[in-house]
Amino acid sequence: MKGKVVLVTGANGGLGTYVTQAFLDAGATVVGTSRKIQQSDFDNPNFTALAAEISALESARSLVEKVVSRFGKLDVLAHTVGAFAGGQTIADTDDATLQRMFDLNLNSVFHILRAAVPPLRNTGAGRIIAIGSRAALEPGAGVGAYSASKAAMVSLIRTVALENKDAGLTANVILPGTMDTPANRKAIPNADVSKWVQPHSVADLVVWLAGETGKDVNGSVIPVYGKDA
Ligand SMILES: NC(=O)c1ccc[n+]([C@@H]2O[C@H](COP(=O)([O-])OP(=O)(O)OC[C@H]3O[C@@H](n4cnc5c(N)ncnc54)[C@H](OP(=O)(O)O)[C@@H]3O)[C@@H](O)[C@H]2O)c1
């Protein structure tokens, strides 16, 4: 990945931390973004922190413009921003929960795609890897708003894959099952964590899709379900 400019959204999150580190380990120049990201989050000269709120179009555009003006191009977008809400049936789900799920799981993708696709097309070999969820394909009781927002984002990514293959750009979406993150360990203390997906496995897959060998994989919806598959 030497010479590649990579934008990781949600770079300080449970998964994003691994994705950012994996790209840095592969020699990429990495811009990590989130609302509270800090330069000190990664001790690497190839890392740049750019704080941004990306559930609004203008801030997503401004973020991508800063990346391109500072580094001259954008080769890879790895989008990990997302949020979870569960525990309510559809009948009990309030408007604010539905809105939050769509803002963070769908609108954020829409805005960052609108901002990032033009510079990614310019490289002739751009890569988009987005993180969905198993729930996008397998809705469960009590996670309706989350599942619907993730299903919609899968559709967006597949559309972008079709619309940009003429420019050598690929777009794929990974659907993890429950991952072994600090937040999940805290939220579900008695779980059998051996069944959970390791974030570094997902991060390695993201980097593979972003690399030269990933160029023939486009429009894919990739399940990574761990031992619960
Ligand atoms: N954890 C799981 O078991 C699991 C399973 C399946 C799928 N997923 C999906 O995998 C992805 C990563 O999950 P995770 O567990 O790593 O999530 P996480 O730890 O909650 O991280 C979310 C990241 O998004 C950033 N963020 C949140 N709102 C933002 C906004 N408005 N603008 C910019 N950045 C924002 C957060 O940083 P700031 O707070 O600094 O903004 C953080 O970096 C998500 O899409 C999630 O839905 C997770």
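How many nonpolar, polar and charged residues does the lining of the largest pocket have? The views below give the answer. This is a predicted model, where local features need pLDDT of at least 70, side-chain atom pairs count only at pLDDT 80 or more, and totals for chains, interfaces and linings use all residues. Residues are numbered from 1 along each chain as its sequence is written, and side-chain values use heavy atoms, with hydrogens and water left out.

**View 1. The lining of the largest pocket.** The lining has 17 nonpolar, 19 polar and nine charged residues. Here Ala, Val, Leu, Ile, Met, Phe, Trp, Tyr, Cys and Pro count as nonpolar, Asp, Glu, Lys and Arg as charged, and the others, Gly among them, as polar. In total, 45 residues line the pocket. Gly-82, Ala-83, Phe-84, Tyr-146 and Met-179 lie nearest its centre. A pocket is an open set of points on a 1 Å grid over the protein atoms alone, where a 1.4 Å probe fits, with protein on both sides within 12 Å along at least five of seven lines; lining residues have an atom within 4 Å of a point.

**View 2. The ligand in its place.** The ligand sits in the largest pocket (more than half of its atoms lie within 2 Å of the grid points). Around the ligand are 26 residues, each with a heavy atom within 4 Å of it. The closest are Asn-12, Leu-15, Ser-34, Arg-35 and Asn-184.

View 3. A polar contact is a pair of N or O atoms within 3.5 Å. A backbone N or O atom of Gly-14 lies 2.8 Å from a ligand oxygen atom. For Asn-184, a side-chain N or O atom lies 2.8 Å from an oxygen atom of the ligand.

Conventions. Polar contact = N/O pair within 3.5 Å; in protein donor to acceptor, adjacent residues only side chain to side chain.
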